[in-house]
Amino acid sequence: MVIVTTIRRDVVTLPAAELGPSNPLPPLRPLDDVHRVDERDLDGLPFGMARQIRYEPLHSVLPERIRDGYGRTRAPREIDTIVIENERLRATVLPGLGGRVASLFHKPTRRELLYRNPVFQPACFALNGAWFSGGIEWNIGATGHTTLSCAPLHAARVPAPDGGEMLRLWEWERLRDLPFQVDLWLPEGSDFLYVGVRVRNPHERPAPVYWWSNIAVPEERRVLAPAEEAWQFGYERRLRRVPVPRHDGVDRTYPLNSTHPADYFYEVPDGRRRWIAALDDEGNGLVQTSTDGLRGRKLFVWGAGSGGRRWQEWLTEPGTGGYCEIQAGVARTQLEHVRLDAESEMSWLEAYGPLSADAGTVHGADWGAAVAETEARLADTLPRADVQAAYEAWKPCADTEPGEVLAVGSGWGALEVLRAAVKLPGTPFEESTLGDAQAPWVELLRTGSFPEPRRAGPPGETLVAPHWRDMLETAPAQPLTEYHLGIAQWHAGDRAQAVRSWERALALAPSLWPLLRCLAVADRTTGHRVRAADRYAEAFDDLCHERRDDGEAWTAATAALGREAIAALLAVRRTGDARAVWDRLRAVTREQGRFRLLEAELLVAEGDPQAARAVFDRGFEVADLREGAEVLGDVWARVSDEPLPQRYEFRMRPAGE
């Protein structure tokens, strides 16, 4: 019996943490710079790579907000899915969580081809915070995990090239102001999931593009790609060329052979077929291949060291097995951004499916033979010409208007289409998706004036693109307008003018704390730490007098501002004022792990390391501990000479580097 390919809505129930509210304070500074290359390395890189590393690196995640409201308490929750299925494969997509392909199940062999995370646990790995592990994720924007990792995408049915149906996912990526789409389909009888991707630049200026498709697979695999060299990048921020498969006397194509987390960007020769595979001891596993537009291939390993193992437990459930990531991107490394010309687009096609090869050859000592065997089996299973033909067949379908809507994303794309009247065939951003977040910007667009709030509350999101900044500059100079204008100017690099805008608004603003906090960040950035501390203290006091209730928005604002204020006050040794801020936080806030750590820092500053040690001994979990952060070890070293307890061991680089 032939089973026709189907697309249907469904739900999956997982132990899941709540995402919680976003941080209401505008992110005027990036979370970190762990993905920056040491300047010492740039001059020795190939010219094209160095140029693209220097091209438009991200300096801010504005206009996005930081998503740090999640915790570590998990309960069974239903998560919406869209299932694409033919007689051989079943792909499960999470449209509300970045369009992640959570599962790719091969029916004939009854094998799950991906690492399928048994829980939903956000952690601080995305550019704007919340991210989760497992499956296939679509990373667009800038170096790192996309800001859409835990955000909804638009989804709908669309006719597929073979006359069946495909699933279209699309959204407006806000860091670079670019719309994109991901089309997924399963041809009848196919063992491969086809994925057509298109990124468009509707603007009259070039734009930097970043794209990496990240695929989580079980780490008890050998990872193979057609390369003899790779660029290694670790958390010590050094980029160096290394041989494949062995360097420093170790075969690094086995993820558990490394000690520390690291990236290996494979140097695939020009003209060679683009593919990467992860195969188990029996020679079975997953292969990903693509048209040549998706140039790069990469292996990410957590390694066998204590920090990597702790992160694996943190992101999933202890005892459920670890994972590594095989990846594919538009550049050789994830440290690069490529130029997309004005009013142009880029596209490619990817294919994901099972692969079986001779285990003895795949795991033999001859790397060339292992690669040749894997590539030959791929050619038998899915010839390179078939992938190119599928791409050519898909391209005319990329503009086909969607049919039944299966999920709805944000209203930001609709706002941009309304502003610029751009035509984007195939990815409609309907005005019906505009919501409360976009409402004041719609009014600015239509009337030239930004509306003042009707009731007290944390200000909404700020749009920072040049066209919105221009509109704010010509709008009547009301306090909230000046607040948003200052943020847009700050993002544009005009720091002095941003400060002037915020200072002008202080004279008339009914709500002072948002402006004072922005000015405090500006002071810290320019080294005026004492003035920053003064402004933070004043801002927190103003917020406490202004807040109207203990609802989600005010609680999040109080926690976020309190956390920053305490850090700023401790930086200038004003421990009494820091303790006063601590005492005004809500009890439920002080019990969170991130604040337990802050309490330990406060106790150390007050000269009581024994009490700080007791905080560690009682135990806490910093839910939003940042990728690469070493603060736990740093604070522990101030309270004890003993080794850092394993539960706090998250360090991702060799000691002393």
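Axes here are lines fitted to C-alpha atoms, for helices over the stretch in contact, and angles run from 0 to 180 degrees between N-to-C directions. Helices (H or I, at least four residues) and strands (E, at least two) are DSSP runs, numbered from the N terminus. The model is predicted: local features need pLDDT of at least 70, side-chain atom pairs count only at pLDDT 80 or more, and totals for chains, interfaces and linings use all residues. Residues are numbered from 1 along each chain as its sequence is written, and side-chain values use heavy atoms, with hydrogens and water left out.

Start with two helix pairs. Two packed helices are described by the angle between their axes and the distance between the axes. Helix α7 (residues 412-420) packs with helix α9 (residues 466-474) at an angle of about 70°, and their axes are 12 Å apart. Angles under 35 degrees count as roughly parallel, over 145 as roughly antiparallel, 65 to 115 as roughly perpendicular and the rest as oblique. α7 and α9 are therefore roughly perpendicular to each other. Their crossing is left-handed, meaning that the near helix is turned anticlockwise from the far one by less than a right angle; clockwise would be right-handed. Contact requires heavy atoms within 4.5 Å. L415, E416 and R419 of α7 meet H467, W468 and M471 of α9. These contact residues divide into three nonpolar, one polar and two charged. Ala, Val, Leu, Ile, Met, Phe, Trp, Tyr, Cys and Pro count as nonpolar, Asp, Glu, Lys and Arg as charged, and the others, Gly among them, as polar.

Now take α17 (residues 593-605) and α18 (residues 609-618). Their axes come within 7 Å and cross at roughly 165°. The two helices are therefore roughly antiparallel to each other. This crossing is also left-handed. From α17, R596, L597, E599, A600, L603 and V604 meet P609, A611, A612, V615, F616 and R618 from α18. The contact holds nine nonpolar, no polar and three charged residues.

Next, single sites. R517 lies in helix α12 (residues 513-525). Buried means under 20% relative accessible area, exposed over 50%, partly exposed in between (1.4 Å probe, protein chains only). R517 counts as buried, at 5% relative accessibility. Leaving out residues up to four places away in sequence, R517 touches L25, P26, L28, Y536, A539, L561 and E564.

What about the cysteines? A disulfide is a pair of cysteine sulfur atoms within 2.5 Å. By this rule there are zero disulfides. C518 is in no disulfide, and the nearest cysteine sulfur, that of C544, is 17 Å away. C518 is buried, at 0% relative accessibility. C397 is buried at 12%.

A342 sits in the loop between β25 (338-340) and β26 (344-356). A342 is partly exposed, at 32% relative accessibility. Setting aside neighbours within four places in sequence, A342 is in contact with N201, H203, E204, R205 and P206.

The backbone deserves a look too. A cis peptide bond joins L62 and P63, with omega about 10°. P63 is in the loop between α2 (47-54) and β2 (74-85). E56 is in the loop between α2 and β2. Phi of E56 is positive, near 50°, and E56 is not glycine. E56 is partly exposed, at 41%. Another cis peptide bond joins V244 and P245, with omega about 10°. D177 has a positive phi of about 60°, although D177 is not a glycine. D177 lies in the loop between β10 (165-173) and β11 (178-185), and is buried at 9%.
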